[in-house]
Amino acid sequence: MSEPNQPDFRSLHSTVNSKGKRNWIYALQPKGKFYQYRTYLSYVYVILFFTMPFMRIDGNPLFQFNIPQGEFTFFGSLFTPQDFIMFGLGMIIFILFVVIFTLIYGRFFCGWICPQTIFMEMIFRKIEYLIEGDGNKQKINNGKKWTTEMYVRKTIKHIVFLLLSFTISNTFLAYIIGTDQLFKIITDPVSQHIGGFIAIVFFTLVFYTVYAFVREIVCTVICPYGRLQGVLLDKNSIVVAYNYLRGEPRNKKKATEGAGDCIDCGMCVNVCPTNIDIRNGTQLECINCTACIDACNMMMKKVNRPENLITYASENQIASGKKFEFTYRIKAYSGVLAVLIVLLGILIVTRTTFDATILRVPGQGMQENKDGTISNLFRIKVTNKSNLDLPYALVPSNPDVKIERIGHKLDTLKGRQLAEETFFIKVDTSKIEKRKEEYEIKLMSGDKLIATKKAIFISDY
(Lines give C-alpha, C1' and ligand atoms only; values in the text may rest on other atoms or scores of the structure.)
Protein backbone atom coordinates (compact mmCIF):
# COMPACT_ATOMS: atom_id res chain seq x y z
CA MET A 1 0.00 0.00 0.00
CA SER A 2 1.01 3.66 -0.11
CA GLU A 3 3.55 5.20 2.15
CA PRO A 4 1.74 6.80 5.10
CA ASN A 5 1.71 10.55 5.64
CA GLN A 6 2.88 10.02 9.17
CA PRO A 7 5.42 7.27 9.90
CA ASP A 8 3.77 6.54 13.24
CA PHE A 9 0.13 6.75 12.12
CA ARG A 10 -0.58 3.21 13.37
CA SER A 11 0.66 4.26 16.82
CA LEU A 12 -1.95 7.03 17.01
CA HIS A 13 -5.67 6.86 17.60
CA SER A 14 -7.93 8.93 15.38
CA THR A 15 -10.08 10.13 18.29
CA VAL A 16 -7.26 10.93 20.72
CA ASN A 17 -4.93 13.92 20.36
CA SER A 18 -1.22 14.07 21.25
CA LYS A 19 -2.09 15.08 24.83
CA GLY A 20 -4.26 12.00 25.34
CA LYS A 21 -7.52 13.92 25.32
CA ARG A 22 -10.66 13.29 23.24
CA ASN A 23 -10.32 14.57 19.70
CA TRP A 24 -13.91 15.52 18.87
CA ILE A 25 -14.73 14.74 15.26
CA TYR A 26 -16.60 17.30 13.17
CA ALA A 27 -17.26 15.22 10.07
CA LEU A 28 -18.54 17.01 6.99
CA GLN A 29 -21.75 15.68 5.45
CA PRO A 30 -20.91 13.52 2.42
CA LYS A 31 -22.59 14.06 -0.94
CA GLY A 32 -22.67 11.41 -3.61
CA LYS A 33 -24.31 8.25 -4.90
CA PHE A 34 -23.12 5.97 -2.09
CA TYR A 35 -24.41 8.36 0.55
CA GLN A 36 -27.77 8.41 -1.26
CA TYR A 37 -27.86 4.61 -1.39
CA ARG A 38 -27.09 4.44 2.32
CA THR A 39 -29.83 7.02 3.00
CA TYR A 40 -32.41 4.96 1.10
CA LEU A 41 -31.28 1.83 2.92
CA SER A 42 -31.60 3.64 6.26
CA TYR A 43 -35.25 4.47 5.47
CA VAL A 44 -35.99 0.78 5.00
CA TYR A 45 -33.99 -0.14 8.09
CA VAL A 46 -35.71 2.40 10.36
CA ILE A 47 -39.19 1.42 9.13
CA LEU A 48 -38.47 -2.25 9.80
CA PHE A 49 -36.88 -1.55 13.18
CA PHE A 50 -39.89 0.35 14.50
CA THR A 51 -42.57 -1.91 12.97
CA MET A 52 -41.25 -5.47 13.35
CA PRO A 53 -42.18 -5.77 17.06
CA PHE A 54 -45.82 -5.36 16.00
CA MET A 55 -45.66 -7.94 13.19
CA ARG A 56 -47.03 -11.37 14.11
CA ILE A 57 -47.21 -14.82 12.57
CA ASP A 58 -49.80 -17.19 14.09
CA GLY A 59 -49.95 -14.96 17.14
CA ASN A 60 -46.18 -14.98 17.66
CA PRO A 61 -44.06 -11.86 17.13
CA LEU A 62 -41.92 -11.88 13.99
CA PHE A 63 -38.76 -11.44 16.08
CA GLN A 64 -38.36 -11.49 19.85
CA PHE A 65 -35.35 -12.12 22.06
CA ASN A 66 -36.82 -12.88 25.47
CA ILE A 67 -33.50 -13.24 27.25
CA PRO A 68 -34.95 -13.32 30.82
CA GLN A 69 -37.02 -16.40 29.96
CA GLY A 70 -34.51 -17.92 27.57
CA GLU A 71 -36.97 -17.83 24.65
CA PHE A 72 -36.26 -16.58 21.14
CA THR A 73 -38.69 -16.07 18.27
CA PHE A 74 -37.52 -16.00 14.65
CA PHE A 75 -40.00 -15.47 11.83
CA GLY A 76 -42.82 -16.42 14.18
CA SER A 77 -41.22 -19.70 15.34
CA LEU A 78 -40.61 -19.96 19.08
CA PHE A 79 -37.34 -21.46 20.32
CA THR A 80 -37.32 -22.51 23.97
CA PRO A 81 -34.46 -23.74 26.19
CA GLN A 82 -35.36 -27.25 24.96
CA ASP A 83 -34.18 -26.17 21.51
CA PHE A 84 -30.61 -25.69 22.73
CA ILE A 85 -29.13 -27.89 19.99
CA MET A 86 -30.87 -25.95 17.24
CA PHE A 87 -29.92 -22.66 18.88
CA GLY A 88 -26.30 -23.82 19.07
CA LEU A 89 -26.39 -24.76 15.39
CA GLY A 90 -27.76 -21.32 14.58
CA MET A 91 -24.89 -19.70 16.51
CA ILE A 92 -22.33 -21.79 14.61
CA ILE A 93 -23.92 -20.77 11.30
CA PHE A 94 -23.87 -17.14 12.43
CA ILE A 95 -20.18 -17.28 13.36
CA LEU A 96 -19.31 -18.92 10.05
CA PHE A 97 -21.34 -16.27 8.27
CA VAL A 98 -19.41 -13.48 10.00
CA VAL A 99 -16.04 -15.07 9.23
CA ILE A 100 -16.78 -15.82 5.57
CA PHE A 101 -18.52 -12.48 4.96
CA THR A 102 -15.58 -10.56 6.42
CA LEU A 103 -13.05 -12.58 4.45
CA ILE A 104 -14.77 -11.55 1.22
CA TYR A 105 -16.36 -8.17 1.81
CA GLY A 106 -14.36 -6.76 4.71
CA ARG A 107 -16.23 -4.42 7.02
CA PHE A 108 -19.14 -3.82 4.62
CA PHE A 109 -21.61 -4.72 7.40
CA CYS A 110 -20.33 -1.89 9.61
CA GLY A 111 -20.82 0.83 7.03
CA TRP A 112 -24.14 -0.25 5.56
CA ILE A 113 -26.12 -2.43 7.97
CA CYS A 114 -24.84 -1.98 11.54
CA PRO A 115 -27.46 -0.28 13.77
CA GLN A 116 -24.78 1.92 15.34
CA THR A 117 -23.81 3.38 11.96
CA ILE A 118 -27.38 3.65 10.69
CA PHE A 119 -28.63 5.57 13.72
CA MET A 120 -25.46 7.65 14.20
CA GLU A 121 -24.78 8.74 10.63
CA MET A 122 -28.25 8.63 9.07
CA ILE A 123 -30.38 9.96 11.95
CA PHE A 124 -28.56 11.63 14.85
CA ARG A 125 -25.83 13.27 12.80
CA LYS A 126 -28.35 14.50 10.21
CA ILE A 127 -30.40 16.04 13.02
CA GLU A 128 -27.21 17.70 14.25
CA TYR A 129 -26.49 19.05 10.76
CA LEU A 130 -30.04 20.42 10.59
CA ILE A 131 -29.86 22.18 13.96
CA GLU A 132 -26.19 23.22 14.25
CA GLY A 133 -24.98 23.25 10.67
CA ASP A 134 -22.27 21.28 8.88
CA GLY A 135 -19.08 20.04 10.53
CA ASN A 136 -17.01 23.15 9.80
CA LYS A 137 -19.68 25.44 11.20
CA GLN A 138 -19.98 23.33 14.36
CA LYS A 139 -16.20 23.39 14.87
CA ILE A 140 -15.99 27.17 14.45
CA ASN A 141 -18.96 27.86 16.76
CA ASN A 142 -17.76 25.48 19.46
CA GLY A 143 -14.32 27.10 19.41
CA LYS A 144 -15.58 30.57 20.24
CA LYS A 145 -17.70 32.06 23.01
CA TRP A 146 -21.19 30.61 22.99
CA THR A 147 -24.08 32.93 22.22
CA THR A 148 -27.69 32.67 23.34
CA GLU A 149 -28.53 31.23 19.92
CA MET A 150 -25.96 28.48 20.39
CA TYR A 151 -27.32 27.56 23.83
CA VAL A 152 -30.82 27.35 22.35
CA ARG A 153 -29.64 25.21 19.44
CA LYS A 154 -27.67 22.90 21.74
CA THR A 155 -30.65 22.54 24.09
CA ILE A 156 -33.02 21.74 21.23
CA LYS A 157 -30.57 19.20 19.82
CA HIS A 158 -30.15 17.34 23.09
CA ILE A 159 -33.89 17.34 23.79
CA VAL A 160 -34.49 15.80 20.35
CA PHE A 161 -31.67 13.30 20.97
CA LEU A 162 -33.20 12.35 24.33
CA LEU A 163 -36.71 11.90 22.89
CA LEU A 164 -35.38 9.82 20.02
CA SER A 165 -33.34 7.71 22.45
CA PHE A 166 -36.49 7.19 24.52
CA THR A 167 -38.33 5.96 21.41
CA ILE A 168 -35.49 3.63 20.47
CA SER A 169 -35.35 2.36 24.06
CA ASN A 170 -39.05 1.43 24.07
CA THR A 171 -38.74 -0.30 20.70
CA PHE A 172 -35.62 -2.15 21.80
CA LEU A 173 -37.42 -3.33 24.93
CA ALA A 174 -40.34 -4.53 22.79
CA TYR A 175 -37.94 -6.93 21.07
CA ILE A 176 -37.15 -8.42 24.48
CA ILE A 177 -40.42 -8.53 26.42
CA GLY A 178 -42.96 -8.10 23.61
CA THR A 179 -45.34 -5.27 22.75
CA ASP A 180 -48.12 -6.47 25.07
CA GLN A 181 -45.89 -6.35 28.13
CA LEU A 182 -44.45 -3.01 26.99
CA PHE A 183 -47.93 -1.47 26.74
CA LYS A 184 -48.64 -2.66 30.29
CA ILE A 185 -45.49 -0.91 31.51
CA ILE A 186 -46.54 2.27 29.71
CA THR A 187 -50.23 2.28 30.75
CA ASP A 188 -50.16 0.72 34.22
CA PRO A 189 -48.98 2.61 37.31
CA VAL A 190 -45.19 2.74 37.61
CA SER A 191 -45.36 0.94 40.97
CA GLN A 192 -46.59 -2.23 39.22
CA HIS A 193 -43.65 -2.38 36.82
CA ILE A 194 -40.64 -0.96 38.63
CA GLY A 195 -38.22 -3.25 36.79
CA GLY A 196 -39.65 -2.34 33.38
CA PHE A 197 -39.58 1.38 34.18
CA ILE A 198 -35.94 1.16 35.28
CA ALA A 199 -35.09 -0.73 32.08
CA ILE A 200 -36.65 1.96 29.87
CA VAL A 201 -34.81 4.74 31.72
CA PHE A 202 -31.54 2.80 31.64
CA PHE A 203 -31.65 2.04 27.90
CA THR A 204 -32.75 5.60 27.14
CA LEU A 205 -29.69 6.98 28.92
CA VAL A 206 -27.44 4.39 27.25
CA PHE A 207 -28.62 5.24 23.74
CA TYR A 208 -28.51 8.98 24.46
CA THR A 209 -24.96 8.74 25.82
CA VAL A 210 -23.79 6.64 22.86
CA TYR A 211 -25.21 8.87 20.13
CA ALA A 212 -24.66 12.24 21.79
CA PHE A 213 -21.20 11.70 23.29
CA VAL A 214 -19.53 8.30 22.74
CA ARG A 215 -20.25 8.12 19.01
CA GLU A 216 -17.44 6.71 16.86
CA ILE A 217 -15.63 5.29 19.91
CA VAL A 218 -18.17 2.45 19.80
CA CYS A 219 -16.76 1.45 16.40
CA THR A 220 -13.08 2.12 17.06
CA VAL A 221 -12.71 0.84 20.63
CA ILE A 222 -15.79 -0.89 22.08
CA CYS A 223 -17.12 -3.08 19.25
CA PRO A 224 -15.40 -6.52 19.18
CA TYR A 225 -16.17 -7.02 15.49
CA GLY A 226 -13.92 -4.10 14.57
CA ARG A 227 -11.06 -5.81 16.39
CA LEU A 228 -11.90 -9.18 14.87
CA GLN A 229 -11.69 -7.92 11.29
CA GLY A 230 -7.97 -7.33 11.68
CA VAL A 231 -7.31 -11.07 11.80
CA LEU A 232 -9.96 -11.99 9.22
CA LEU A 233 -9.01 -9.67 6.36
CA ASP A 234 -6.44 -10.69 3.76
CA LYS A 235 -5.08 -9.11 0.58
CA ASN A 236 -8.06 -10.39 -1.43
CA SER A 237 -10.74 -8.94 0.86
CA ILE A 238 -12.88 -6.22 -0.68
CA VAL A 239 -12.44 -3.01 1.35
CA VAL A 240 -12.63 0.74 0.84
CA ALA A 241 -9.15 1.41 -0.51
CA TYR A 242 -7.03 4.20 -2.00
CA ASN A 243 -5.41 3.48 -5.37
CA TYR A 244 -1.92 4.65 -4.48
CA LEU A 245 -0.48 3.62 -7.85
CA ARG A 246 -2.71 6.15 -9.54
CA GLY A 247 -2.79 8.77 -6.81
CA GLU A 248 0.89 9.10 -5.91
CA PRO A 249 2.86 11.31 -5.78
CA ARG A 250 0.30 13.78 -4.46
CA ASN A 251 0.40 17.30 -5.78
CA LYS A 252 -2.08 20.12 -5.46
CA LYS A 253 -0.86 21.55 -8.76
CA LYS A 254 -2.55 19.22 -11.23
CA ALA A 255 -0.44 20.51 -14.12
CA THR A 256 2.81 19.31 -12.54
CA GLU A 257 4.44 16.67 -14.70
CA GLY A 258 4.54 13.21 -13.16
CA ALA A 259 2.06 14.07 -10.39
CA GLY A 260 -0.55 11.55 -9.35
CA ASP A 261 -4.28 12.12 -9.42
CA CYS A 262 -4.51 12.85 -5.68
CA ILE A 263 -4.58 16.63 -5.20
CA ASP A 264 -4.10 16.28 -1.43
CA CYS A 265 -7.30 18.23 -0.70
CA GLY A 266 -7.99 16.30 2.52
CA MET A 267 -11.71 15.87 1.80
CA CYS A 268 -11.49 12.12 2.38
CA VAL A 269 -10.36 12.87 5.95
CA ASN A 270 -12.85 15.70 6.52
CA VAL A 271 -15.90 13.51 5.79
CA CYS A 272 -14.64 10.43 7.63
CA PRO A 273 -16.76 9.71 10.75
CA THR A 274 -13.74 8.12 12.46
CA ASN A 275 -11.25 10.79 11.30
CA ILE A 276 -8.77 8.53 9.51
CA ASP A 277 -6.80 9.09 6.32
CA ILE A 278 -7.72 6.20 4.02
CA ARG A 279 -4.62 6.99 1.95
CA ASN A 280 -2.55 5.41 4.71
CA GLY A 281 -4.06 2.03 3.85
CA THR A 282 -6.55 -0.30 5.53
CA GLN A 283 -6.98 0.67 9.17
CA LEU A 284 -8.82 -0.69 12.19
CA GLU A 285 -10.97 2.44 12.49
CA CYS A 286 -12.32 2.27 8.90
CA ILE A 287 -15.97 1.17 8.91
CA ASN A 288 -16.26 1.08 5.08
CA CYS A 289 -18.99 3.73 5.08
CA THR A 290 -17.89 5.03 1.61
CA ALA A 291 -18.01 8.71 2.69
CA CYS A 292 -14.43 9.12 1.44
CA ILE A 293 -15.36 7.59 -1.92
CA ASP A 294 -18.12 10.15 -2.46
CA ALA A 295 -15.90 13.04 -1.33
CA CYS A 296 -13.00 11.99 -3.56
CA ASN A 297 -15.25 11.44 -6.59
CA MET A 298 -16.67 14.93 -6.11
CA MET A 299 -13.19 16.43 -6.11
CA MET A 300 -12.08 14.36 -9.09
CA LYS A 301 -14.99 15.74 -11.10
CA LYS A 302 -13.97 19.31 -10.21
CA VAL A 303 -10.41 18.82 -11.48
CA ASN A 304 -11.47 16.75 -14.52
CA ARG A 305 -9.85 13.53 -13.44
CA PRO A 306 -11.23 9.96 -13.46
CA GLU A 307 -13.37 8.95 -10.49
CA ASN A 308 -12.82 6.03 -8.10
CA LEU A 309 -9.38 7.03 -6.90
CA ILE A 310 -10.82 5.70 -3.65
CA THR A 311 -13.08 2.73 -4.29
CA TYR A 312 -14.11 -0.76 -3.26
CA ALA A 313 -11.13 -2.97 -4.08
CA SER A 314 -8.75 -5.54 -2.65
CA GLU A 315 -5.07 -4.88 -2.01
CA ASN A 316 -4.07 -7.38 -4.69
CA GLN A 317 -6.47 -5.76 -7.14
CA ILE A 318 -4.85 -2.34 -6.69
CA ALA A 319 -1.34 -3.77 -6.90
CA SER A 320 -2.06 -5.60 -10.16
CA GLY A 321 -4.12 -2.78 -11.69
CA LYS A 322 -6.79 -5.20 -12.89
CA LYS A 323 -10.49 -4.40 -12.77
CA PHE A 324 -12.59 -5.99 -10.06
CA GLU A 325 -13.97 -9.41 -10.88
CA PHE A 326 -15.72 -12.10 -8.94
CA THR A 327 -12.97 -14.66 -8.45
CA TYR A 328 -13.65 -18.34 -7.88
CA ARG A 329 -12.84 -17.75 -4.23
CA ILE A 330 -15.50 -15.07 -3.88
CA LYS A 331 -18.04 -17.13 -5.81
CA ALA A 332 -17.32 -20.22 -3.72
CA TYR A 333 -17.55 -18.34 -0.42
CA SER A 334 -20.69 -16.55 -1.56
CA GLY A 335 -22.19 -19.92 -2.45
CA VAL A 336 -21.38 -21.21 1.03
CA LEU A 337 -23.04 -18.13 2.53
CA ALA A 338 -26.14 -18.73 0.41
CA VAL A 339 -26.33 -22.38 1.46
CA LEU A 340 -25.97 -21.47 5.14
CA ILE A 341 -28.69 -18.84 4.89
CA VAL A 342 -31.03 -21.27 3.11
CA LEU A 343 -30.30 -23.97 5.67
CA LEU A 344 -31.06 -21.63 8.56
CA GLY A 345 -34.23 -20.49 6.80
CA ILE A 346 -35.39 -24.09 6.35
CA LEU A 347 -34.77 -24.88 10.02
CA ILE A 348 -36.84 -21.86 11.04
CA VAL A 349 -39.68 -22.38 8.57
CA THR A 350 -40.04 -26.09 9.33
CA ARG A 351 -40.41 -25.54 13.04
CA THR A 352 -43.69 -26.96 14.30
CA THR A 353 -46.28 -25.11 16.39
CA PHE A 354 -46.52 -28.02 18.86
CA ASP A 355 -43.38 -29.40 20.46
CA ALA A 356 -44.10 -32.77 22.03
CA THR A 357 -42.39 -35.71 23.70
CA ILE A 358 -44.10 -39.10 24.06
CA LEU A 359 -42.70 -41.60 26.59
CA ARG A 360 -43.94 -44.80 28.16
CA VAL A 361 -44.94 -44.34 31.81
CA PRO A 362 -42.12 -45.79 33.96
CA GLY A 363 -42.97 -48.98 35.84
CA GLN A 364 -45.98 -49.75 33.66
CA GLY A 365 -45.76 -52.88 31.48
CA MET A 366 -48.14 -54.16 28.86
CA GLN A 367 -51.72 -54.92 29.84
CA GLU A 368 -53.98 -57.61 28.39
CA ASN A 369 -57.58 -56.45 28.10
CA LYS A 370 -60.82 -58.46 28.04
CA ASP A 371 -61.64 -57.16 24.56
CA GLY A 372 -58.65 -58.99 23.10
CA THR A 373 -56.32 -55.98 22.93
CA ILE A 374 -52.92 -55.21 24.38
CA SER A 375 -52.33 -51.74 25.82
CA ASN A 376 -49.32 -49.66 26.86
CA LEU A 377 -49.55 -46.55 29.03
CA PHE A 378 -47.91 -43.38 27.68
CA ARG A 379 -47.51 -39.78 28.77
CA ILE A 380 -47.18 -36.85 26.38
CA LYS A 381 -45.74 -33.45 27.21
CA VAL A 382 -46.68 -30.86 24.62
CA THR A 383 -45.98 -27.15 24.28
CA ASN A 384 -48.02 -24.76 22.17
CA LYS A 385 -45.35 -22.40 20.83
CA SER A 386 -47.78 -19.81 19.52
CA ASN A 387 -49.57 -17.07 21.45
CA LEU A 388 -52.98 -18.43 20.44
CA ASP A 389 -55.16 -21.05 22.12
CA LEU A 390 -55.31 -23.86 19.55
CA PRO A 391 -57.41 -27.06 19.24
CA TYR A 392 -55.46 -30.24 19.87
CA ALA A 393 -55.97 -33.96 19.27
CA LEU A 394 -53.95 -37.18 19.03
CA VAL A 395 -54.65 -39.40 16.02
CA PRO A 396 -52.84 -42.70 15.27
CA SER A 397 -51.54 -43.11 11.73
CA ASN A 398 -52.21 -46.87 11.81
CA PRO A 399 -55.96 -47.67 11.64
CA ASP A 400 -55.37 -50.80 13.79
CA VAL A 401 -54.18 -48.60 16.67
CA LYS A 402 -56.56 -46.95 19.11
CA ILE A 403 -55.86 -44.20 21.63
CA GLU A 404 -57.73 -44.09 24.93
CA ARG A 405 -57.04 -41.02 27.03
CA ILE A 406 -57.39 -41.17 30.81
CA GLY A 407 -57.58 -38.55 33.52
CA HIS A 408 -57.50 -34.94 32.32
CA LYS A 409 -58.22 -34.86 28.60
CA LEU A 410 -56.71 -32.09 26.51
CA ASP A 411 -58.80 -30.62 23.72
CA THR A 412 -57.18 -27.15 23.63
CA LEU A 413 -53.62 -26.02 24.20
CA LYS A 414 -53.15 -22.56 25.65
CA GLY A 415 -50.64 -20.28 23.99
CA ARG A 416 -47.00 -20.66 25.07
CA GLN A 417 -47.79 -23.15 27.81
CA LEU A 418 -46.64 -26.68 28.57
CA ALA A 419 -49.36 -29.28 29.09
CA GLU A 420 -49.39 -33.04 29.55
CA GLU A 421 -51.81 -35.93 29.52
CA THR A 422 -51.77 -39.72 29.90
CA PHE A 423 -53.23 -42.19 27.41
CA PHE A 424 -53.31 -45.86 26.45
CA ILE A 425 -52.31 -47.14 23.05
CA LYS A 426 -54.41 -50.23 22.33
CA VAL A 427 -53.75 -52.80 19.61
CA ASP A 428 -55.71 -55.96 18.79
CA THR A 429 -53.69 -59.07 19.62
CA SER A 430 -54.12 -60.43 16.10
CA LYS A 431 -52.50 -57.33 14.64
CA ILE A 432 -49.31 -57.56 16.67
CA GLU A 433 -46.44 -59.07 14.68
CA LYS A 434 -43.37 -58.17 16.77
CA ARG A 435 -42.53 -57.81 20.42
CA LYS A 436 -41.55 -54.17 19.88
CA GLU A 437 -43.49 -52.01 17.46
CA GLU A 438 -43.09 -48.35 16.54
CA TYR A 439 -46.36 -46.51 15.94
CA GLU A 440 -46.76 -43.02 14.57
CA ILE A 441 -49.00 -40.59 16.45
CA LYS A 442 -50.20 -37.46 14.64
CA LEU A 443 -50.61 -34.21 16.55
CA MET A 444 -53.57 -32.41 15.00
CA SER A 445 -54.88 -28.88 15.41
CA GLY A 446 -58.34 -29.08 13.91
CA ASP A 447 -57.83 -30.49 10.39
CA LYS A 448 -54.19 -29.37 10.27
CA LEU A 449 -51.37 -31.82 10.87
CA ILE A 450 -48.83 -30.12 13.14
CA ALA A 451 -46.32 -32.87 13.87
CA THR A 452 -45.80 -36.61 13.89
CA LYS A 453 -44.30 -38.42 16.86
CA LYS A 454 -43.35 -42.04 17.42
CA ALA A 455 -44.31 -44.29 20.34
CA ILE A 456 -42.56 -47.58 21.14
CA PHE A 457 -45.18 -50.28 21.85
CA ILE A 458 -44.07 -53.43 23.71
CA SER A 459 -45.89 -56.75 24.02
CA ASP A 460 -45.10 -60.43 24.70
CA TYR A 461 -46.33 -61.56 21.28
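Which residues have the most contacts inside the largest nonpolar core? They are Val-240, Tyr-242, Ile-278, Cys-292, Ile-293, Ile-310 and Tyr-312, in a core of 45 residues. A nonpolar core is here a set of buried Ala, Val, Leu, Ile, Met, Phe, Trp, Tyr and Cys residues joined through side-chain atoms within 4.5 Å. Buried stands for under 20% relative accessible area, exposed for over 50%, and partly exposed for values in between (1.4 Å probe, protein chains only).

The model is predicted: local features need pLDDT of at least 70 and side-chain atom pairs count only at pLDDT 80 or more, whereas totals for chains, interfaces and linings use all residues. Residues are numbered from 1 along each chain as its sequence is written, and side-chain values use heavy atoms, with hydrogens and water left out.

Several elements build the 45-residue core. At least two residues each come from helices H2 (84–105), H3 (108–112), H12 (267–270), H13 (291–302) and H15 (328–349), and from strands E6 (239–242) and E7 (310–313). Helices (H or I, at least four residues) and strands (E, at least two) are DSSP runs, numbered from the N terminus. The most is given by H13, with seven residues. Apart from this core lies another, of 25 residues, including Ile-374, Leu-410, Val-427 and Ile-432.

Residues up to four places away in sequence not being counted, Ile-278 touches Val-240, Tyr-242, Cys-268, Gln-283, Cys-286, Cys-292 and Ile-310; contact means heavy atoms within 4.5 Å.

The next topic is a helix pair. Helix H4 (residues 115–132) packs against helix H6 (residues 148–177) at an angle of about 155°, and their axes are 9 Å apart. Axes are lines fitted to C-alpha atoms, for helices over the stretch in contact, with angles from 0 to 180 degrees between N-to-C directions. H4 and H6 are therefore roughly antiparallel, a term for angles over 145 degrees. Among the residues that make the contact are Phe-119 and Ile-123 of H4 and Lys-154 and Val-160 of H6. The contact residues divide into ten nonpolar, one polar and five charged.

Lys-154, in helix H6, counts as buried at 13% relative accessibility. Its contacts, leaving aside neighbours within four places in sequence, are Glu-132, Asn-142 and Trp-146. Leu-205, in helix H8 (residues 194–214), is partly exposed, with a relative accessible area of 48%. Between Leu-205 and Glu-325 there are 46 Å in space, C-alpha to C-alpha, and the two are 120 residues apart in sequence.

Technical notes. Parallel < 35°, antiparallel > 145°, perpendicular 65-115°, else oblique. Nonpolar A, V, L, I, M, F, W, Y, C, P; charged D, E, K, R; others polar.
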